[in-house]
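Keep the sequence and the 3D view open while reading.

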Amino acid sequence: MNHLQTFQVYPKIPEPLSFLETLSRNIWWSWNRDAVDLFRRIEPRLWEMAEQNPIVFLTYITQKRLEELSKDKSFLAHQERVKVSFENRVCKPVDRSGSPYGEDGKIAYFSMEFGVHESLPLFAGGLGILSGDHLKAASNKSVPLIGMGLLYHRGYFHQFLDQDGMQQDDYREINFYHLPLERAKNSAGEEVEVSIYGPEGEIYATVWKVMVGRIPLYLLDTNLAKNPPEIREITARLYAGDPKVRLTQEFLLGVGGMRALEALNIYPTVCHMNEGHSAFASLERIAQTMSRYNVDLDTALEIVPRTTIFTTHTPVAAGYDEFPAELVKPFLRPLQERLHATDTEILSWGQPVGSGPDGPLSMFVLALQMAQYCNGVSRLHGKVARRMWADVWPNKPENEIPISHITNGVHFPTWISYENAALFERYLGPDWYISPQRSEIIERIDEIYKEELWHAHGMSRSRLIRTCRKLMLKKCRRLNASNEMTENAKSILDQDVLTIGFARRFATYKRADLLLQDPDRLEALINSKTHPIQIIFAGKAHPKDNEGKELIRRIVEFTNRPSVRHRVVFLEDYGMHMARHLVQGVDVWLNTPRRPFEACGTSGMKAAVNGVLNVSILDGWWCEGYSEERGWRIGNGEEYSDYVYQDAVESQALYNILENDVIPCFYENMEGDVPVRWVKMMKESIKMAMLEFSSCQMIDKYEKQFYINAANRLRSLVANNAKEARNLAIQRKRLKSLWGNIWMETPVRDEEGPFRVGDQFSVSADVHLGELSPDEVEVELYYGQLKCVDTLSSSHTQQMTVQKNRKKGHYLYTCTVTCKASGRYGFTVRTTPKGDDRIKFTPGLLTWA
């Protein structure tokens, strides 16, 4: 029908229950157990029917029931308790008078996806879940952060399997009236709308806001009547397959996101780009900086990167977006006038080394060049990222590439089981999750009775099995399965059997089929008369990843074997709700990536804090988390070039670990009904998660290592009419123009050796600096133990000082070396710029003897 006018009807909430509406429109309720209980107690059956969405749920409640609750003293007392907590943790003003960000300073956190709750389906996987946990932790810690993303009206796909086990993708329209959205308004109370320029003209986007505790999350939406149909589709799907649409999404997120903040009168003190998708934000921020502080482009380029953080999440080359130069240029043309730069110059900021003016724009390289603070998401991932992107800094030793790491963490209240939350609140205190790494918290874990912890986990396992049966029954009915299959679904899995979970994105490097390398051996484990196991698989393959879809088909084919189908299942449509059941209810969390392709892998952390034991390849976070007291490793961290051989070796290692270690530990040493050694390992797993892998601890690290430093730099850079930033721009230009004149003679030492530990010798080098002065450079001795003829296994630097001015730009530099340990050493000399890291790590400003 044409010209339909629409309207929405919400329930009439009695005044005594008015707080329920307030609560339903802030995602804070989702990680507060008492708030969840408040909704659930109204009508448990309808709460499940509404899929834990309180806005939908309240529309299901009859007016009669609402009136009853408005007079129910017990319910009102419960509501008042939640309201007091909400006001203290969300509404109570934070005194920022001494804040390093200033009273009004903000950290803008850009991400392509946000997984804050399943009722707001704006995420595909781990990146989005991490973003959501980041916002929640910021709320818990009262960090002045704001989120910026896109509002997808069809989100990410829902998964269902056909009769043959092949994944089918189903995109469903999201009902915005069922989400806690409101239009973002400026200080004048006007709804905010922004626009960017695309190849076909103006693209308009409205701005929505969702509150995640204290943290506002702003979302851009192009589904407006004033946009033509193809433009409305820009924010239809997360990770659109068409390169032009994908580019437009990322330009909208970055440039449109910064313009939305400006329209809201928010000028971020610090910007954090979560992955390279949002790198275009830096271009708009440069333009805004030029206008706001009345500086030129070179000066703005000294300010913006020093106040920007870039976090990369993938060690897989295919995970980085690149766009052809000709596709990008139409988007850049409107920025040329504001930036006083050509599109060729702007493109060069994101083009890989040696690609030339027609080379593709790498969103990773652009983000890297626009952020002084760059990090991977685990210690190993940081090392891998430094190796992958070493060519951005030619001739720089790999271990000095300026990419650090902050290991991801998870938001415990979001992922903890109901029973464990109750235990922790009783033994550890109500705010245990804010700073769980405190020694007094860790020590109290040992005070939890082993019977209580085992019983709590048993409740979670029972709930998981009920959920699996319900989902498998639903699948059988959808597929018109036989009566036998339907009846089997009702009794699938066993409450008393060791339960292994494998749930994640089905990319080939994650090797979901490693456990199936020897199906007969696996079947024997499943059907053991005395010590059986059962396995739950779940996960989605990317819509265009046919290899990933084939992995799912093979696993489903195995689950359909009559001999194992009572103990092996594949659950469709993996999402946050299912993930919570899995990480809370399985006994073992299995992770089998091909090292070093797992950047972090936070699902294992979520399992660990619930007392689930990890069995994993030493990749991602498990390199830092593993010890034999808390889980098992597959292999010893080897990396292989022959993948077939690797799969054969590591699959056998996995079977051996299960047979010889995991299964005996679960079934043996029973004290009453409690496996004593297993429960001891559960406690160690919980301690490990709390000590090292909390999102609150993660955000503390971002603050200490990046946010506060960046905020302090902004103040100093723009003070006194941006005097420091202007001087830095002048100095950078001078260094670049004169650096090519630097050369050094081979360094010499005053003694040949050999030496003994404790001996000293002097090194000197003639250095030609041309027109540069010694105050503008650092000449360093670079030395360390030899790995081979021209490579050091470990390196150190020592400052050299000017011993003699030989005139005309020639200087003699010297230093004294102390022999501290035995071994074969090598050394040379190099010259770098003097200054902060942004100057010191300028690509091309490095000369070796």
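## Strand 8 and its partners

Strand 2 (residues 145–150) and strand 8 run parallel and are joined by four bridges. Two strands pair if DSSP finds at least two bridges between them. Helices (H or I, at least four residues) and strands (E, at least two) are DSSP runs, numbered from the N terminus. Glycine 149 has leucine 219 of strand 8 as its bridge partner. Strand 7 (residues 201–212) is joined to strand 8 by seven bridges, and these two run antiparallel. Here valine 210 has leucine 217 of strand 8 as its bridge partner. Strands 7 and 8 form a hairpin with two residues between them. Glycine 213, in the turn, has a positive phi of about 65°.

Is strand 8 mostly covered or mostly open? Strand 8 (residues 215–221) is mostly covered, with seven of its seven residues buried. Buried means under 20% relative accessible area, exposed over 50%, and partly exposed in between (1.4 Å probe, protein chains only). Ile215, Leu217, Leu219 and Asp221 point one way from the strand. Pro216, Tyr218 and Leu220 point the other way.

## Basis of the model

This is a predicted model: local features need pLDDT of at least 70, side-chain atom pairs count only at pLDDT 80 or more, and totals for chains, interfaces and linings use all residues. Residues are numbered from 1 along each chain as its sequence is written, and side-chain values use heavy atoms, with hydrogens and water left out.

An open sheet has six strands in the order 17-16-15-18-19-20, with parallel pairing. Its edge strands are strand 17 (568–571) and strand 20 (631–634), and each pairs on one side only. Neighbouring strands are turned by 20° against each other on average, direction ignored. Axes are lines fitted to C-alpha atoms, for helices over the stretch in contact, and angles run from 0 to 180 degrees between N-to-C directions.

Within this part, strand 15 (residues 498–503) and strand 16 (residues 533–538) run parallel, joined by six bridges. Phenylalanine 502 stands opposite phenylalanine 537 in strand 16. Helix 22 (residues 546–559) packs on the sheet and touches strand 16 and strand 17. Its direction makes about 140° with that of strand 17. Contact means heavy atoms within 4.5 Å. Helix 27 (residues 676–692) lies across strand 15, strand 18 (588–591), strand 19 (613–617) and strand 20. Helix 27 runs at about 75° to strand 19.

## Helix 21 against helix 26

How do helix 21 (residues 519–526) and helix 26 (residues 643–667) meet? Their axes come within 11 Å and cross at roughly 15°. The two helices are therefore roughly parallel to each other (angles under 35 degrees count as roughly parallel, over 145 as roughly antiparallel, 65 to 115 as roughly perpendicular and the rest as oblique). Helix 21 contributes Pro519, Arg521, Leu522 and Leu525 to the contact, and helix 26 contributes Gln652, Tyr655, Asn656, Leu658, Glu659 and Ile663.

Glutamate 523 is also found in helix 21. It is buried, with a relative accessible area of 18%. Leaving aside neighbours within four places in sequence, glutamate 523 is in contact with Arg561, Ser563 and Val564.

## Helix 15

Helix 15 (residues 379–388) has buried residues too: Leu380, His381, Gly382, Val384, Ala385 and Arg386. They pack against strand 13 (373–376), strand 14 (404–405) and helix 25 (622–625).
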